[in-house]
Every structure is written in C-alpha cells, then in structure tokens.
Amino acid sequence: MLCNIVFTSPRHYVDLEELCEYRGYEKGKLKGLGIKHMAILYKQNLVDLAIKALKKVNVKDTSLLILSTESSEDLSKPLSVKIVDKFGLNECITFETKFACRAGIDSVLMAYTYSKVTGNKSIVVCLDEAVYERGNAEITGGCGCAVIVIDPQSNGLELDVQNAKSYVTDVNDFYKPLTLTPVVDGKLSIVAYLYCCKNAVELWKKVKKQKITDYFDKLVFHVPFPSIVKWISAVLYAYEKGNGMNVHIEDVMKNFELFNEWRKERKQIESTSEFQEWFSEKIESSLVFHPYVGNSYTASIWLALISTLVNSEVDIEDKIGLCGYGSGAGSVCVEAIVKDKVKVKYELPEKKLDVEKYIDWRKERGIES
C-alpha cells in the first residue's frame, strides 16, 4: 500500500510580483496562472533536498528505490546512487526514470507492482528543479522533492494498477538538452497537456465504464501551474455533461487557429455554477500549496495529492483519480482507493530571497550574463 508521502521544498522563494516588477513582466499573468511564489534551490542542491525528504520517512528494509527526475546532469549514473549511499541502502535495487513530469507517477506504478509481487518495501523519490531562461516562462519555475513509500505490510492508498491507462503521442512541446534550462513552446505545451490527459481519461473510462465527474470523490492532476487544472477539469466536465463546447481540444491540436475560440467556450463552462460547485467539491483542495512552490515537475502531482488529503475530507473507501502528464508527450490515469489514513508531511519555502540575489544566483549558474 502507498502509506506515506512527503514533500520537501527548498528553504527560499522569490516573490513573483516583485520579480515581474523588476523584469517588466505583466503582473496580471500571475493571477491568470494562479501563482504567487517560486521555490528556489538557493545554497542547496538536489541531492541535499532528497536526503532531507528521505529523513522524514522510515527507509529501513527498502528493497527498491526509484528516482524520477528530469534534472539530472549525468546521462550515465543515476542520482539515486548518491542517495542510497547516504542511507546505507547499498543492497537495494535502484535506478532513474525519465518521461518529463509523468515519470513520477509511472515510477510509483512500477514500484507498487514490484511491492505487490515481492512483498518488499519500495520508495520512489521525485526530485526536480524547474528553471527557465528570461522571458514569459521564467515565472513558472519552481523546485521540490516528493518521497512516496510503498509498503505491503501497511495500509493506505490502494492503486488499481491493472486498469491504469496511458496515452502517448510524439509532441515537441518541451525539450531539455544538456543544459539547466529547457526549450518550451508554451501554447503547444498547454494544448498537449489537455489533449493527452483527456485521452488517458477516456481510455480509463472505456475499461471502467464510469464517468469521472460522478465516479471519483476527488481528482488530482499534474500541476505545472494551478489554473491549468481548472482548464482540464472544464474540458472533461463539458465532454461528460454534454453542455456545450463546439470546439474540442482535439480540434485545437490539429488547428491552433481555433485556440481562442476554444478558450472562450471553456471560460463559459468555468463560469457556470454547476461546474464551480463540482470543481470546488472534488478538485480545488488539490491546489492549495502550489501557488507558493511553483512547478516541481515529477513531484508536482504528489504535492497535489498531499494537498487533497490535508485540505479536504477524505473518507475510507473514497476513490481518488490521479492523472499525470509528461511533456513530449503522455498522460496516465489511475484510480487510488483509500483503505486507511496516509501519513503525509510537507514543507513549503519560508525565506524570501531578494530579487537581486536571485539574479546573482542565476548568473552564478550561467543562466544569464
């Protein structure tokens, strides 16, 4: 069972309103994206962050440790080697996985299956730093580490791995060469997220013969920024309720000139009291923490799950839908059933970093001259 989830962020954050003022960015975008702060790995490194998170769980008797990241600087040795060495877990199986942000949920499905088959405990570490070049994407950065413990001897969340469904298609929305910062097509990335998530959900529905709007007690999505979760929710809600979008996300994927018309229709769905009530009941609680952390890539969906468990009423036998996304692009949908209370811990950034120090930090890392 998935029995313990920990999220640890760096100590420092940048106030995005101050950054926008310093850079001359439009402040209105912050409200549109649903973000306030951006966690910054200032005077820390990723391995230290992972070790800090792992110290909050019991690593004893771990047989498998998977590290999911798109922030590794070594194409050969996995970062997990440095971690298992620190904890004396030298006999456990360890490796690194990659599929952009989606790798975090893929790794948990893999580890969960391993633990069910072997009866051994496994741990997944989702560890990432999102840093962008100067420009519109800069404010969507962030950082964090999630640790997920799967122990067959403990109760918690039961994953319906057998009926998990995946949708993958070749999309060049995000590319990260051997540099700290990625190359991103922002609008394409948004459309690819919505398109892949919808397709993964539809594949899940074909097997389960259920509507997610009615079936799940809570829904949790990958959160590159909070507002996109409302957008995918409106896409799925409108499709299931049959109340009104003439332009669908599949149409936009084929013809980007339809994007503005689609967005107008989506906003109309979001403005209805029926949608707002459903969203408030089943999804909104997952988005409480992200505005103060930013995008933590592979760790993001697990912070959303923690937020749901902490900020809403979740009862035994409740069904939680998990929908992950990774650029490139692919999505996966899986059901989690609450069998017992899950132990959760979370740590958000607490020290504000002056914008000038943030700029110096970027220069030191070679992001800007």
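View 1. At 68% relative accessibility, lysine 43 counts as exposed. Exposed means over 50% relative accessible area, buried under 20%, and partly exposed in between (1.4 Å probe, protein chains only). This is a predicted model: local features need pLDDT of at least 70, side-chain atom pairs count only at pLDDT 80 or more, and totals for chains, interfaces and linings use all residues. Residues are numbered from 1 along each chain as its sequence is written, and side-chain values use heavy atoms, with hydrogens and water left out. Lysine 43 sits in the loop between β3 (37-40) and α3 (46-54). Helices (H or I, at least four residues) and strands (E, at least two) are DSSP runs, numbered from the N terminus. The phi of lysine 43 is near 55°, a positive value in a residue other than glycine. Most residues other than glycine have a negative phi.

**View 2. Aspartate 61 lies in the loop between α3 and β4 (62-68).** Its phi is near 65°, a positive value in a residue other than glycine. Aspartate 61 counts as exposed because its relative accessibility is 60%.

**View 3. Helix α3 is largely enclosed by the rest of the structure, since seven of its nine residues are buried.** The buried residues are Leu46, Val47, Leu49, Ala50, Ile51, Ala53 and Leu54. They pack against β1 (2-8), α4 (80-86), β6 (121-130) and β7 (142-150). Contact means heavy atoms within 4.5 Å.

**View 4. Helices α6 (residues 186-208) and α8 cross at roughly 45°.** Their axes come within 10 Å. Axes are lines fitted to C-alpha atoms, for helices over the stretch in contact, and angles run from 0 to 180 degrees between N-to-C directions. α6 and α8 are therefore oblique to each other. Angles under 35 degrees count as roughly parallel, over 145 as roughly antiparallel, 65 to 115 as roughly perpendicular and the rest as oblique. The crossing of α6 and α8 is right-handed. A crossing is right-handed if the near helix is turned clockwise from the far one by less than a right angle, and left-handed if anticlockwise. From α6, the contact uses Ile190, Tyr193, Leu194, Cys197, Lys198, Val201, Glu202 and Lys205. From α8 come Ile228, Val229, Trp231, Ile232, Val235, Leu236, Tyr239 and Glu240. By class, the contact of α6 with α8 holds 12 nonpolar, no polar and four charged residues. Ala, Val, Leu, Ile, Met, Phe, Trp, Tyr, Cys and Pro count as nonpolar, Asp, Glu, Lys and Arg as charged, and the others, Gly among them, as polar.

**View 5. Helix α8 (residues 226-241) also packs with helix α11 (residues 273-282).** The angle is about 120°, and the axes are 11 Å apart. α8 and α11 are therefore oblique to each other. Their crossing is right-handed. Val229, Lys230, Ser233, Ala234 and Tyr237 of α8 meet Glu274, Phe275, Trp278 and Phe279 of α11. Six of these residues are nonpolar, one is polar and two are charged.

**View 6. Helix α12 is mostly covered, with nine of its 12 residues buried.** Those nine are Ser300, Ile301, Trp302, Leu303, Ala304, Leu305, Ile306, Ser307 and Thr308. At 1.5 Å a residue, α12 (residues 300-311) should span 16 Å, and its end C-alpha atoms are 16 Å apart, which agrees. The expected span is 1.5 Å times one less than the number of residues.

**View 7. A cis peptide bond joins glycine 328 and alanine 329.** Omega is about 10°. Alanine 329 is found in the loop between β13 (319-326) and β14 (330-338). Most peptide bonds are trans.
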